[in-house]
Amino acid sequence: IQQTAVSLVREKDQGTFEQLAVSPIRRGELMLGKVAPWVALGLIDVVVITIVGVLVFGIPLRGSVLALGVASFLFVLCCLALGLIISSRAPSLETANFLGLMVAFLPGFMLSGFAFPLNSIPVVLQWISYLFPARYMTVVTRAIFLKGAGLTVLWPEVTALAIYAVVGLTLASLLWSRRAD
């Protein structure tokens, strides 16, 4: 979230955004160009973390590797979409950094179910947790690693991540189109 939150703001601060605005590329292509390298890096991180978890720490990978890959790809897209939405609204680099941290860590991490069970927090916060992709990814990774689940069991979470990614990237593109005009 953090890197994409500052990427387009940095373009504006450096004066290169005007070049992007007058270039023949469409806003969707700009968003794709901004997220593609981070998707690759995010997926490399997932692979490395999974290998270290399995080989070094002995965490069993009982479920579908395909399901883990699909969910990880969608989760990375969701996080990058959040960053691009922040970037489209932030007036400065400092604001983008702060908002990225506030969205990624506080609600994203604390309401994911990773730190503590979601059923132990107030019901209002449980409902708010559905707004963050980390909630779905936590369910997916626990089910794949510990319970041996696959896409047939995890389709609701994977579908939620897919919808979140599409809506988030579309919203980011629309917000940047408005800002550019």
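A polar contact is a pair of N or O atoms within 3.5 Å; within protein, one of them must be able to donate a hydrogen and the other to accept it, and residues adjacent in sequence count only if both atoms are side-chain atoms. Keep that in mind for T95: its side chain and that of S92 are joined by a polar contact of 2.9 Å.

Before we go on, a word on what you're looking at. This is a predicted model, where local features need pLDDT of at least 70 and side-chain atom pairs count only at pLDDT 80 or more, while totals for chains, interfaces and linings use all residues. Residues are numbered from 1 along each chain as its sequence is written, and side-chain values use heavy atoms, with hydrogens and water left out.

Back to T95. You'll find T95 in helix α5, residues 93–104; helices here are DSSP runs (H or I, at least four residues), numbered from the N terminus. T95 counts as partly exposed because its relative accessibility is 27%. The scale goes like this: buried is under 20% relative accessible area, exposed is over 50%, and partly exposed is in between, using a 1.4 Å probe and protein chains only. From T95 to P122 there are 27 residues in sequence, and their C-alpha atoms are 29 Å apart in space.

Now for how helices pack. Two packed helices are described by the angle between their axes and the distance between the axes. The axes are lines fitted to C-alpha atoms, for helices over the stretch in contact, and the angles run from 0 to 180 degrees between N-to-C directions.

Take α3 and α4 as a pair: their axes come within 9 Å and cross at roughly 135 degrees. That angle makes α3 oblique to α4; under 35 degrees would be roughly parallel, over 145 roughly antiparallel, 65 to 115 roughly perpendicular, and the rest is oblique. Among the residues making the contact are W38 and V39 of α3 and V76 and L77 of α4, where contact means heavy atoms within 4.5 Å.

Pick out L77, in helix α4. With 11% relative accessibility, L77 counts as buried. Not counting residues up to four places away in sequence, L77 touches V39, A165 and L169. L77 and A36 are 41 residues apart in sequence, yet 9.2 Å apart in space, C-alpha to C-alpha. For another view of α3 (residues 27–55), look at L41, which sits in this helix. L41 has a relative accessible area of 45%, so it is partly exposed.

Helix α4 (residues 65–89) also packs with α8 (residues 133–147), at an angle of about 165 degrees and with axes 10 Å apart. The two are therefore roughly antiparallel, and their crossing is left-handed. Residues in the contact include F75 and L82 of α4, plus A134 and I144 of α8.

Finally, visit S112, in the loop between α6 (106–110) and α7 (123–128). Is S112 buried or exposed? With 4% relative accessibility, S112 counts as buried. A polar atom of the S112 side chain lies 3.1 Å from the backbone nitrogen of F114. Leaving aside neighbours within four places in sequence, S112 is in contact with P107, L118, A134, R135 and T138.

Methods
Left-handed = near helix turned anticlockwise from the far one by under 90°.
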